[in-house]
Amino acid sequence: MSASDGVKKNNDGPLAVIERMEKGEYAPQLKEKKERVEALFSGYRPPALEVFESKTRHYRMRSEFTVWHDGDDMYYVMHQKEENGPNGTKKIRMDQFPVASELVNALMAHVRRLVLENDALKHKLFQVNFHTTLTGEAMVTMLYHKKLDDGWTEHAKKMRESIIADCQGLTCLHVIGRSRKQKICLDKDEVIEAFEVQDRGTVRYVQVEGAFSQPNAYTCSSMLGWAVSCTQGSGDHDLLELYCGNGNFTTVVAPNFRKVIATEVSKSAVAAARKNFEMNSVTNVFVARMRSEEFTEGWKSGKEYKRLEGSGLLECSFKTLLVDPPRAGLDPETRKLMEEFDNILYISCNPDTLKRDYDAVSTIFDIERFAMFDQFPYTNHVECGLYLKKKQDDTSSKRQKVE
C-alpha cells in the first residue's frame, strides 16, 4: 500500500483539518499514519519506528490567506477543493485559524481591524501572509493589485506601531508590502527563530520572508534532535549534504563531523545558511550554491568549479551523506551517488519516494534508524527519516528483504 493512498479518500482541506481537530481525532490519525509508514517498509524488517508527535493545535507557525472584499467588509478566506465549486474550489471564511500559532491568530484579528479602518491599506489588498516564531518575532506580508507609494508606507508604519502596542506575546514585528515588481520593507524581511534541540540546547535561525522554513516548529525541534543523535560519533570523517536549504539540519549536525560541504541552489537560502552558521558558531561548513548534479560531476570527475574554490574538497574524506530532497525524491544520479558512502541520513517529506530511493540501494544498506515526524497533523502528509548503514557483506546483514 502506498503511504499516500489515503489522500484521495480523505480531504486535507482547512475545514476537514479543523473538524478533525475539534473532534479530538489526533491519536487515531497518528496511529493510521504510523501503520501506513510501517506497512510501506515492512518488507525490509526495519527497526521499530520512532514516532514524534506534534502539538494538537496552534502548531503551524506561518499561514497565507486570500483577502475577500464584500462591500465595506473585508475578511480572510482559504480555499478548499470542491468538485461543484467555481474552479473546483470553495471559499472558506477564516476569522480564526486554530491550526496556526496563537500569535498568527492574534495578528489576524489586529491586521483585519486596522485595515478595515484605513482605505489606503484596504484598497486592492488581495492576500496577507503571516510568519511567526517561538521567539515572538513575526512578519506580516501584504500583497496588492496596485503600486505602493509613500502614503501606503506611512499608514503601514502606524498600523505596525498599533499592533506592537496591543498584541500580547509579540516581541518584534516586520511589515512587508508587495506588488508587481515591488517590495517595501518597513525595516527587515527576516525573523529569528530559536529551537530547543536535544544535545544542542538553544539553536537560532534566520528565516527569510517568502523562503522555505519548516512550518511546524515543535516537530522540527524533534527532527533536529533525531538527526543529531543519528550522527553522533562521526568526528573521524566528513559530511556531504545536498539540498541544505537555510542550513536547518547542517547547523545542528555539523559539530558531529570533522568538516561539512553542503550544496543548495537558492541564493537567498545560501545567504541565510551562512548567517545561521555564524549565529551558532558553526565554523566547519563550506556551503556552495550549486545543483547536486553539478557537485557530483565535479567530485567524481575532478572538474573544477569556481563555486567550490576554497572548499578543500580534494582533502575531504566523506563517509556520511545527508539528503533532504523535495517531494519528488532523489534524481537518478544522486541515488547512484549514495553507493559511495558508508552512512546515509535521509529526511523525506514523501514516504513513497523515500521507499523508491531506498529500494535502489537496499542490497547495499541496512536501515539502522527509522523515524516518522508528524509535521502536518490531521492530514495524510507525514515526514520520515532513515539512517542507513552500509552492509558489511551481503551474508552478514541483520535484515534481508522478505521475499
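Residues are numbered from 1 along each chain as its sequence is written, and side-chain values use heavy atoms, with hydrogens and water left out. In this predicted model, local features need pLDDT of at least 70 and side-chain atom pairs count only at pLDDT 80 or more, while totals for chains, interfaces and linings use all residues.

**Exercise 1.** Work out the order of the strands in the open sheet of seven strands, and find which strands are its edges.

*Solution.* Start from the terms: strands (E, at least two residues) and helices (H or I, at least four) are DSSP runs numbered from the N terminus, and two strands pair if DSSP finds at least two bridges between them. Reading across the sheet then gives S4-S3-S2-S5-S6-S7-S8, with mixed pairing. The edge strands, each of which pairs on one side only, are S4 (89-93) and S8 (182-185). Within the sheet, S2 (residues 62-70) and S5 (residues 125-132) run antiparallel and are joined by five bridges, and Ser 63 stands opposite Phe 130 in S5.

**Exercise 2.** Find which strands helix H6 (residues 150-166) lies across, and give its angle to S7.

*Solution.* Contact means heavy atoms within 4.5 Å, and angles, from 0 to 180 degrees, are taken between N-to-C directions of axes fitted to C-alpha atoms, for helices over the stretch in contact. Helix H6 lies across S6 (137-144), S7 (172-179) and S8, and runs at about 150° to S7.
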